[in-house]
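Me: I've got a model open and would like to talk through some of its side chains and a ligand site. Can you take my questions as they come?

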Amino acid sequence: MNAVSRQRLVVVGNGMAGMRTVEELLARAPVRYDITVFGAEPHPNYNRIMLSSVLAGEKDLDEIVINPRSWYDENGITLHTGDAVVAIDRTAKTVTSASGRVVPYDKLLLATGSNPLMPPLPGLDLPGVVSFRDIADVEAMLKAAQAGQRAVVIGGGLLGLEAAWGLKRQGMPVALVHLMPTLMERQLDVEAGTLLQRDLTERGLHFFTSGQTEQILGTDKVEGIRLADGREVPADLVVVAIGIRPNVALAKQAGLDVNRGIRVGDDMATSDGDIYAIGECVEHNGQVFGLVAPIWEQAKVCAARLAGDQKAAYATPPLSTRLKITGIDVFSAGLLTAEDELDSEVVYRDAAKGIYKKLVIREDKVVGAVLYGDVADGAWYFDLMRQGKDIAAFRDRIIFGQAYADGPGGNSGLDVAAMSDDTQVCGCNGVSKCDIVSAITSKGLTSLDDVRAHTKASASCGQCTNVVQAILSHVTGADAAVAEAMCKCTEHGHAHVRKAIVEQGLKSQAEVREALGWKTEDGCAKCRPALNYYLLCAWPGEYVDDQQSRFINERVHGNIQKDGTYSVVPRMWGGVTTAAELRAIADVAEKFQIPTVKVTGGQRIDLLGVKKEDLPAVWADLNAAGMVSGHAYAKGLRTVKTCVGSEWCRFGTQDSTGLGIKLERMTWGSWTPHKFKMAVSGCPRNCAEATIKDFGVICVDAGYDLVVGGNGGIHLRGTDHLCQVKTEEEVLEYAGAFMQLYREDAWYLERTAPWIERVGLDYVKRRLIDDEAGRKDLYARFLHSQTFAQNDPWAERVQGSEAHEFKSLAMVG
Amino acid sequence: MDWIEIGSLDDIPPRGARTVESHLGQIAVFRTAKDEVFALINKCPHSGGPLSEGIVSGRKVTCPLHNWVIDLGTGEADGPDEGCTNVIPVRQEGRRLLLGLDAHRKAAVA
Ligand code: SRM
Ligand SMILES: Cc1cc2nc3c(=O)[nH]c(=O)nc-3n(C[C@H](O)[C@H](O)[C@H](O)COP(=O)(O)OP(=O)(O)OC[C@H]3O[C@@H](n4cnc5c(N)ncnc54)[C@H](O)[C@@H]3O)c2cc1C
Ligand code: SF4
Ligand code: FES
């Protein structure tokens, strides 16, 4: 090691600002410094922003690590985690850590972030009071949520709202106390703040606005809070999220110039020229920081300075905010309201759709934007703002967004070409347009996934996905949303491939690859399952299913679990079972020592934790009792949920159970582009939840309402109403025809909800309602393909098919 | 190193895999479309997923749990993911398959 010539850089704070600076520095001057990093937290550097998503259950902790420990190793960085620096000796130029390490530096970088602001309230030190800043806080909150407790969040800003929403998602009853009359008053005007409160109230949060917390109640643990007006709110967990304060203790003690934050100049140096500071702990021109976008700029400047560039200078860019609550779209930047008569406001409201947009305009320039409900144009307004662009030419249309502002024949959608290179596209990861463009061109990326993997853009909260997609399309010149290549093996999109299979009569995967010029000999894990499905759908009875192109679940007809065991779900027609079936299930569970027996959300029973080698024997026993595979693993028909209906229920209008069973008998075994679920409810009370199914039936006095395209999951989508029919036969016909249309039309892994969003409900109606002959043809094709599909895969395997799957080849050593 | 016979090429479906139990833990033995055979410790470098259950294409296998793509020859994950699983030497004699195992150095593979 030639340590002689290298200078020593010590970084205090292993967080987002510190490590971003180190990354920038390594890119510029990889060998200039021997770097030592101290972090008070026991973790490697992680994406603090995404703690909200971890709390909401949308991400795992290991998914938010930015720099894993191997990164430090590979770059020769010495990392001390769980060891805070407690003193700086500026004369000796050393730092001392809590564990007693003394490390000399030539340059020191302070990146200590900030501390949560804690109000001076009685009871603040009770167990059960937490802040929302780091992994430890989130772990404490998740633990409280698991214990089924109640929460109060104090603070209705970004952090408080995200905490409240996360806890709510974890199943806790949550009340939020906010000092001001409206939420997020620093980022939103009154109107948007009010809409936000309304929407979150609808989602089950309780609000106490204009609420001043006076005391945290409890004796040896938190029991609730009391407000100044005397109201009390019970709680077992109190989250305090009223703000942050720069963490300056260490700098102050070292005698650096400190005001609210550690004072730095445009060069990011503190009052000691060998000590730099960056991130939330600093104050620049009287301003302190709480968002990552300006911090990424600071990191660039600081790294350049450390690398020897004497000119790099920092200036705070305009900032924008977004709220990371799935399904709630909020954007704000610049001024919230007109400040004087020179400013004017342009406002658009669509109360029915819950959309509100306001722009603040000064001398024909955008100086502020508040968007609620529709934030698609946020990036565009923000860019106009940053560039100080004169908008006189489209001022009258600007509020309708870029597509209209450009006028007829103009560029619809995002004008990527006009976006400046340094526009920050992904705020979570600090990725600019030019980073994305250069990754696409230098690495030849063609899909959104690739761009994500290489640049991290849109890999965190995903709110900038549209912009990233638009940039990709712009650079590759393809309308990627429509023609995005299936995978790296081909340039062709799904639509083209499906069409070619039918029109050119391609009957095997090899033929498809040959005819369409695949770049790989035998495809990949993305295109093979898709081709296999397309061929199966196009040539029923003719094409031989390729087991090796199926995902493991579909190959062994069970769901692989995280420990490599499998789950087994027998079909329970329409959710109805018998004593004999239950007895057989109980026997199997005991005989094979199956650890978990669970009732699923699909009205049947899951046997979880079956060893792979036991699968055939388990199935044999279930088969013997008359049960077949429930295809709980398949891109195919899953369940048909039913309610009790007219047979028992005092409100039931039709035999929903019987109809559900008929539907399931007709459709089981079919393969579809993605999973397909149905439900039949006996009356509009809809106990079978038919309105979030791919195909739902709601029985009414006059017949049957048919609804389509519903979806639970992360993006909830209620169904669209297709039509009303009179008889059960018609229900079966429409169900079969709808399924066949979906089978023939949708792309592999596209569920009915996104498919209908793409093709439009009108199209589906045209094919199924307006075109009666077409519908009957679709239904006939469906029934024809079913004659080949309805073989119980379990029985086939019990009889020895694919036996190699279930036995190991040999035992050695 | 000892060469231990584990079976015949015909026991493994093309573009598929079988497992072998050993003192090193479970080993996945893969057969490509071109009848090349490779063996890896049956643990994905990401979080231990059973690679033998993945989809085999070319000289790669895609892990069934979170879709990492592992090179059968080197055991390494395709960029941008990073990680590596241990490779076990295999020899084909006609259609017979032999694994190169060193029974005395059990500690070599964690
Ligand atoms: C077992 C079950 C949970 C339970 O214990 O209740 C379950 C378990 C899984 N669901 Fe589910 N879902 C189950 C009912 C549901 C429901 C409720 C329903 O069907 O009424 C939904 C919401 C409705 C819907 O599908 O829209 C549901 C929405 C999802 C989603 C989101 C789908 C989407 O399109 O957004 C996924 C993820 C996916 O498929 O990509 C998913 C994925 C999964 C997977 C397959 C995750 C995985 O890849 O390992 C789980 C397999 C566990 C296993 O090994 O058995 N599961 N899942 C339920 C099985 C029902 C059955 O009898 O077949
Ligand atoms: C839940 C949450 C959601 C957020 N959402 C967003 C968002 O959507 N958009 C956005 O732009 N910003 C968001 N932020 C803010 C963003 O995370 C911060 O601006 C950013 O992390 C600041 O980086 P930093 O490096 O200055 O501080 P940090 O990331 O906090 O890093 C400082 C590190 O220094 C360590 N440290 C402190 N003192 C010492 C010492 N003496 N010795 C050793 N180590 C020390 C700390 O333990 C900490 O790990 C969010 C923050 C939170 C908490
Ligand atoms: S069963 Fe469904 S909801 Fe439950 S953890 Fe698995 S995927 Fe999520
Ligand atoms: S365990 Fe293999 S990808 Fe996660």
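Me: Is A:Tyr348 buried, exposed or partly exposed, and why?
Reply: In this predicted model, A:Tyr348 has a relative accessible area of 26%, so A:Tyr348 counts as partly exposed, since buried would mean under 20% and exposed over 50%.

Me: And what about A:Phe400?
Reply: A:Phe400 is also partly exposed, at 40% relative accessibility.

Me: How many aromatic pairs are there over all chains?
Reply: The structure holds 15 of them. In one of these, the ring centres of A:Tyr348 and A:Phe400 are 5.9 Å apart and the planes meet at 85°, so this pair is edge-to-face, because planes over 60 degrees apart count as such. The pair links distant parts of chain A, with A:Tyr348 in strand E23 and A:Phe400 in the loop between helix H9 and helix H10, 52 residues apart.

Me: Switching to charges, which charged end sits over the ring of A:Trp165?
Reply: That of A:Arg203, 4.8 Å from the ring centre, while A:Lys507 places its charged end over the ring of A:Trp539, 4.3 Å from the centre.

Me: Now ligand 2: which residues come nearest?
Reply: Of the 31 residues around ligand 2, the nearest are A:Ala17, A:Glu41, A:Arg133, A:Glu280 and A:Lys324. A polar side-chain atom of A:Glu41 lies 2.7 Å from a ligand oxygen atom, and one of A:Asn247 lies 3.3 Å from a ligand nitrogen atom. The protein covers 90% of the 1000 Å² of accessible area that ligand 2 has on its own.

Me: How do the shell residues divide?
Reply: Around ligand 2 they divide into 15 nonpolar, 10 polar and six charged.

Methods:
Residues are numbered from 1 along each chain as its sequence is written. Chains are lettered from A and ligands numbered from 1 in the order in which they are written. This is a predicted model: local features need pLDDT of at least 70, side-chain atom pairs count only at pLDDT 80 or more; totals for chains, interfaces and linings use all residues. Side-chain values use heavy atoms; hydrogens and water are left out. Rings of Phe, Tyr and Trp (its six-membered ring) pair if their centres lie within 6.5 Å; planes under 30 degrees apart count as stacked, over 60 as edge-to-face and the rest as tilted. Helices (H or I, at least four residues) and strands (E, at least two) are DSSP runs, numbered from the N terminus. Buried means under 20% relative accessible area, exposed over 50%, partly exposed in between (1.4 Å probe, protein chains only). A charge sits over a ring if NZ of Lys or CZ of Arg is within 6 Å of the ring centre and within 35 degrees of the ring normal. A residue is near a molecule or strand if one of its heavy atoms lies within 4 Å of it. A polar contact is a pair of N or O atoms within 3.5 Å; within protein, one must be able to donate a hydrogen and the other to accept it, and residues adjacent in sequence count only if both atoms are side-chain atoms. Accessible areas come from the Shrake-Rupley method with a 1.4 Å probe; for residues, only the protein chains shown count as cover. Ala, Val, Leu, Ile, Met, Phe, Trp, Tyr, Cys and Pro count as nonpolar, Asp, Glu, Lys and Arg as charged, and the others, Gly among them, as polar.
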